[in-house]
Amino acid sequence: MVKKIFAQIYIWLILLFMYIPILVLIAFSFTTSVNVGVWTGFSFDLYPALFQDGEIMAALGNTLIIAFISSAVSVLLGTTGAIGAFYSKKRAMRALDSVNQIPVVNAEIVMALSLTVMFVFVGSYIFRGANLFSFWTLLIGHVVLSAPFVYLSIKPKLQQMDPNLYEAALDLGATPRSALYRVTLPQILPGILSGFLLAFTLSLDDFIITTFTRGPGLLNGQGTIETLSTLVQAKIKKGPIPPEMRALTTIIFLVVLLLVVGVTLYRYFHKDKKHSRRRMAR
Amino acid sequence: MKLRFQRKYLCIPYWAFLILFVIIPIFIIIYYAFTDTNGFFSMDALIDFFTSPVKINVLLVSIFIGLQTTLICLIIGYPLSYFLANKKFNKNVVLVMLFIMPMWINFVLRTGATRDVLFWLGINGGTYPYLATLIGMVYNYLPFVILPLYTTMLKIDQSQVEAALDLGASPMRAFTHAVVPQTLPGIVSASMMVFMPTMSSYVISDTLSEGKISLFGNTIYLNFSNSQWNTGSFMALIMLVIIGLLMFVTRNANVKAEDRARGTGLW
Amino acid sequence: MEENNTIIELINVTKTFDGMDAVSDFSLKIKKGEFVTLLGPSGCGKSTTLRMIAGFDTPTSGQILLEGEDITKLPPYKRPINTVFQRYALFPHLDVYDNVAFGLKFKKVPDVKIKRNGTKKEIMRHLTRKEIDDKVARALRMVDLDELEDRDISTLSGGQQQRVAIARAIVNEPSILLLDEPLGALDLKMRKDMQIELKEMHKKIGITFIYVTHDQEEALTMSDTIVVMNNGAIQQVGNPIDIYNEPNNAFVANFIGESNIYNATMVGKLKVRFLNHVFDCVDDFPLNEKVDVVIRPEDVDLKKASKEEIENFKNKKKDGPLIGYISSRLFKGIHYQYVINIGKNELIVQDTKEFKTDEYIKIEIDPELIHIMNKDLTSNVFYDAWIDKQNRLVISDMTFSCDVKQLLPGSSIDEEGYLIDSKTGKKYDLKDADVIAEIGLNDIEMSDSHEDCDVTGEIISLIYKGDHYQALIRTEEEEEFIVDTPYDWNEGDIVGISIPEDKIKLTLKGDISKYEA
């Protein structure tokens, strides 16, 4: 009993430590002071201010666009890569497995620098001194970061799959292509989904690769692409977190919380839902 | 002959992508590490690195702070994962989710918040750069320890612990002899997941020490900002060698790549 | 006439994997509506044959004809053949209805479309929703699952999954249904029920069933025709009764039903010698021919032996009746099963009469029931060999080192002597496993020295075969080896023989799963 209480206290203390910075930001999102720790009266003013701040909104938009596109590309490459590897000869599969492992274990800054020097190299030696850095180099950087994780989340799903399923589909008249769409893909769908989410979060969170590989953006053609990470970094180098960002933190936290609760509830209720679906449809 | 669709052809685009943007860049790093600004072969970067007390110092400090962070994270995270994975103390998976949730808030934003809160509490990065950096590192990398440890601890065969107790081992002895050995792979992969990013991190040390502590990551970043590709590449190469060595050692410690992947998979 | 009746024909089909023949020179005709079973031990090529018929594997050479048309290279989705897989291979993401309807969604049927100007045009169209519904409902009714169409696959029992797999295949109205050990995953009771049901279903639908199994009882119960396979080749094709009563060779006799198989020699006109005894028989073979003899356990008559007969036997008088010693007795429900020791040999007998163990008994066998088969003189075959604790081969009382890894492709032996399957990681304990050992005539080494060799024996006969001699060696244990040798030995010589480990070919009796540790 004593042990149990001790364990509970320990768990919640660490949890508190983990949440203090976030909770402080959330609490001070309801006051307009410049610094956290100074309470200048309760107000919602930071929230409208956040949505009127063009800089933050643009960065947020860039972040989401990059995250969506890069995770979609990562899922496409990672999924086809994993399926292809799984049905290749053993040695070819092992080779792809180990090359895929390089970006996973590599330090992000080394990956980022290696891409940067390659773009510099290609730009100066092949494109005669052209500057290649753009939205596209940034996209490549984010895909290098995420695709290996998509590959890793799909591979086990393929290994767990009954090899006869694909043959059964062919046997029942499906061409290899439709067997792939109707049987293999649905089987690895959970892996694809979790791979997409992982890729999405990796992209959202990324600072180093973005800084190293970015160039002028798609939307704002002249300047350099700012994402949330790079914008926040630029701001906090000069002073405390801008007050509007506190409101943004609160909103992000709420969205994440809703997603987690939603997924948990969905999983909990999903089991009973599926039955008698057709009966009702008819 | 007609080229028929075969499933193995599907990996061609991914292969091409990895070769273009993972393998070739590494060779270009090696190229830049051993050339000078004019593109001629040169050992300048190597000589510069090993004769510069500042850079050697950066390497040593990076390794030291990496080890320290790893150790502290393990000391905090190990009992925590044990409690979370043990049905006697915790029946709730939601609690585990709570530990992962902060990771979904932007990492730079979280680091900034940590600095502001520490500043508020009086641990000013300008005055206590090392302490502030260490707290920031532990705060950021603790979830990376909890996840792999938690997953290995879930797999612990409880009957082994019971057998140890049954055979007359004290609870403490049963823990050290039946639980700890089974979690070794988790400990190794958790350490890898903390040590390497800590060494090469840029944002945390830069923000929390207000630029006063320079780690390997900061130095590479500085070379990047000044377009010093040769010295930057050489330092990245050093980092690559360290990672390669660590990988070699841990592979020999019989940790499978899958374990690490599972540890990283938050979903 | 006969041509019209054949639905599928395999002509000299060979399939090679990594230089090894999985199926070699396989030719077979299957009639419309037949229930054909491919029967054999694991690794005999029966599943590969089925996969070639289904189209998952392409023969290395040879042809497959479906109703006279060459389908050798046709992909599986273009063949009117459907398969019931060993572990069902139901699609877990679809429910029962969608699993069964899967194939129908690809099916196209001819139809006539009337154009606006009144002309008719023949087209191919997909099935309508209503047509699919009807077909699925009918198929599910056929397998008694009409209430379960909305259920998830994971909620079904093994037997129900089995039925869904059958419904999913027959709903496409294939001309041939392939069943790959479909009952293997069910428990014994379910299996017996399903055997009867499958047989009835076959009668009802009337299409050709090609069934693969290693279970001889299943094959005997269900089939019209059994194809016994071993080492990728057909051993015998016939109806169950013929296969059981008139086995072509010792392998078939051994694989189908329980049997006693002995090496025997013809010692006179219609006289054969085995178990150290001369029996009358009805098969005419040349004098001194080495033959195999099969005695079914139920074909042996046991009678009480008189004291005199036992005395005569103990004094090794040759002309008395055959006397054996009952070493064990098991009650099997309708009969007793006895193990009778005769010299170094064992005879298994099933008899309804009750005898005590540890007693001498008189053995009589009706000459009609002694099946004599041509011996394949390309190798020495020992049917009642077994494996001992050290993974060595035991033939009578002789032990030889051998390589037991060959019993399971891609396996290894761990330090405790267990056989480990490197794919599944399963452990097998081969101690006391019954095997058939085969040693080539050229693979036995003879020497003058009696040391450094496995056993010694006497040369009984030596025949010149043109470029080499063929020696018949009888060991002290009364086993006989035939050895090809380039040297001229003398009859009556005592020689040492040894067999290199890698030259002993082993075949497990029954499935390896029996020995899982």
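Let's start with how chain C is divided: domain 1 covers 1–80 + 174–246, domain 2 covers 260–374 and domain 3 covers 380–515. Those bounds come from an automatic or database domain assignment. Keep in mind that this is a predicted model, where local features need pLDDT of at least 70 and side-chain atom pairs count only at pLDDT 80 or more, while totals for chains, interfaces and linings use all residues. Residues are numbered from 1 along each chain as its sequence is written, and chains are lettered from A and ligands numbered from 1 in the order in which they are written.

Now, how far apart are the C-alpha centres of domain 2 of chain C and domain 3 of chain C? They lie 26 Å apart. Five residues of domain 2 of chain C are in contact with seven residues of domain 3 of chain C. By contact I mean that the C-beta atoms of two residues, placed from the backbone, lie within 7 Å. On the domain 2 side of that contact in chain C we find one nonpolar, two polar and two charged residues. For these classes, Ala, Val, Leu, Ile, Met, Phe, Trp, Tyr, Cys and Pro count as nonpolar, Asp, Glu, Lys and Arg as charged, and the others, Gly among them, as polar.

Let's stay in chain C and look at strands. Helices (H or I, at least four residues) and strands (E, at least two) are DSSP runs, numbered from the N terminus. Two strands pair if DSSP finds at least two bridges between them. An open sheet in chain C has six strands in the order β6-β9-β10-β3-β11-β12, and its pairing is mixed. Which strands stand at the edges? They are β6 (81–84) and β12 (233–238) of chain C, each with a single partner strand, so one side of each has no neighbour in the sheet. On average, neighbouring strands of this sheet are turned by 20 degrees against each other, direction ignored.

Inside that sheet, β3 (residues 35–39) and β11 (residues 225–230) of chain C pair in the parallel sense over four bridges. Find Thr37(C) on your screen: its bridge partner in β11(C) is Ile226(C).

Elsewhere in chain C, strand β1 (residues 6–17) runs antiparallel to strand β4 (residues 61–66), and five bridges join them. Here Thr14(C) stands opposite Ser61(C) in β4(C). β4(C) also pairs with strand β5 (residues 69–70) of chain C, in the antiparallel sense over two bridges, and Leu65(C) stands opposite Asp70(C) in β5(C). The hairpin of β4(C) and β5(C) has two residues between the strands, and Glu67(C) takes a positive phi near 45 degrees there.

Next, how the chains meet. Which chains have the most contacts, among the two pairs that touch? Chains A and B do. There, 76 residues of chain A are in contact with 73 residues of chain B. Helix α1 (residues 2–27) of chain A gives the largest share of the chain A side, 13 residues. That side has 54 nonpolar, 18 polar and four charged residues.

Chain A also touches chain C, with 20 residues of chain A in contact with 20 residues of chain C. The largest share of the chain A side, six residues, comes from α7(A). That side divides into seven nonpolar, six polar and seven charged residues. As for chain B and chain C, no contact joins them, and their closest C-alpha atoms lie 12 Å apart.

Finally, a helix pair in chain A. The axes of α4 (residues 90–105) and α6 (residues 135–160) of chain A come within 9 Å and cross at roughly 125 degrees. Axes are lines fitted to C-alpha atoms, for helices over the stretch in contact, and angles run from 0 to 180 degrees between N-to-C directions.

Which residues of α4(A) meet α6(A)? Asn100(A), Pro103(A) and Val104(A) do, and their partners in α6(A) include Phe149(A) and Leu152(A).
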